[in-house]
Amino acid sequence: MVKPGGTLVPAKNHHHRSEHWIVVRGTATVTVAGQVKTVHENESVYIPIGAVHRMENPGKIDLEIIEVQTGGYFGEDDIIRLEDVYNRAAS
């Protein structure tokens, strides 16, 4: 879940997995490889391996999504954060 005005994923990418985000409730602004898309309830977006991506909630209600990951490796060390509004350590 992403609160209104919040960001689920600061810009990052992965070397070993792709992701599929399905919006269950609300509207998402998703950037994948430099292309910005608006994804509404009951729609989805695919993030291929290696694509820089992020998601934001521009709406006034909570954004609820389901994330499906596919690939050969899902470890946290496969997350390459390019920026981080939450000030986590770089990986």
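Select Glu-64 first. In this predicted model, Glu-64 is partly exposed, with a relative accessible area of 29%. Arg-25 sits in strand β2 and Glu-64 in strand β7, so the pair ties together parts that are 39 residues apart in sequence. Arg-25 is also partly exposed, at 34% relative accessibility.

**Next stop: Lys-3 and Asp-62**

Select Lys-3, then Asp-62. They form a salt bridge, and their closest N and O atoms are 3.5 Å apart. Which parts of the chain does this pair connect? Lys-3 lies in the segment before β1 (7-13), while Asp-62 lies in the loop between β6 (53-56) and β7 (64-71). The pair therefore ties together parts that are 59 residues apart in sequence.

Now show the surface. Is Lys-3 buried or exposed? Lys-3 counts as exposed, at 53% relative accessibility. Asp-62 counts as buried, at 19%. The cut-off for buried is under 20%.

**Then: Arg-54 and Glu-56**

Move to Arg-54 and Glu-56. This is another salt bridge, with the closest N and O atoms 3.7 Å apart. Arg-54 counts as buried, at 15% relative accessibility. Glu-56 is partly exposed, with a relative accessible area of 30%.

How many salt bridges does a search of the whole structure find? The search finds 3. Side chains of opposite charge can pair when their charged atoms come close.

**Turn to the nonpolar surface**

Select Val-24, Ile-66 and Val-68. Together they make a nonpolar surface patch of about 220 Å². Zoom in on Val-24. You will find Val-24 in strand β2. Val-24 is partly exposed, with a relative accessible area of 39%.

**Finish inside: the core**

Hide the surface and show side chains. The largest nonpolar core has 13 residues. Select Trp-21, Ala-28, Val-30, Val-45, Met-55 and Leu-63, the residues with the most contacts inside this core. Now color by strand. Which elements give two or more residues to the core? They are β2 (17-25), β3 (27-32) and β5 (44-47). Of the contributors, β3 gives the most, with 3 residues.

Definitions and conventions. Residues numbered from 1 in each chain as written. Predicted model: local features only at pLDDT ≥ 70, side-chain atom pairs only at ≥ 80, totals over all residues. Heavy atoms only, no water. Core = buried A, V, L, I, M, F, W, Y, C linked by side-chain atoms within 4.5 Å. Buried < 20%, exposed > 50% of the residue type's maximum accessible area, 1.4 Å probe, protein only. Helix = DSSP H or I, 4+ residues; strand = E, 2+ residues; numbered from the N terminus. Patch = residues over 30% accessible without salt bridge, like charges linked within 9 Å, V, L, I, M, F, W, Y side chains within 5 Å. Areas by Shrake-Rupley, 256 points an atom, 1.4 Å probe, with all protein chains shown as cover. Salt bridge = Lys/Arg side-chain N within 4 Å of Asp/Glu carboxyl O.
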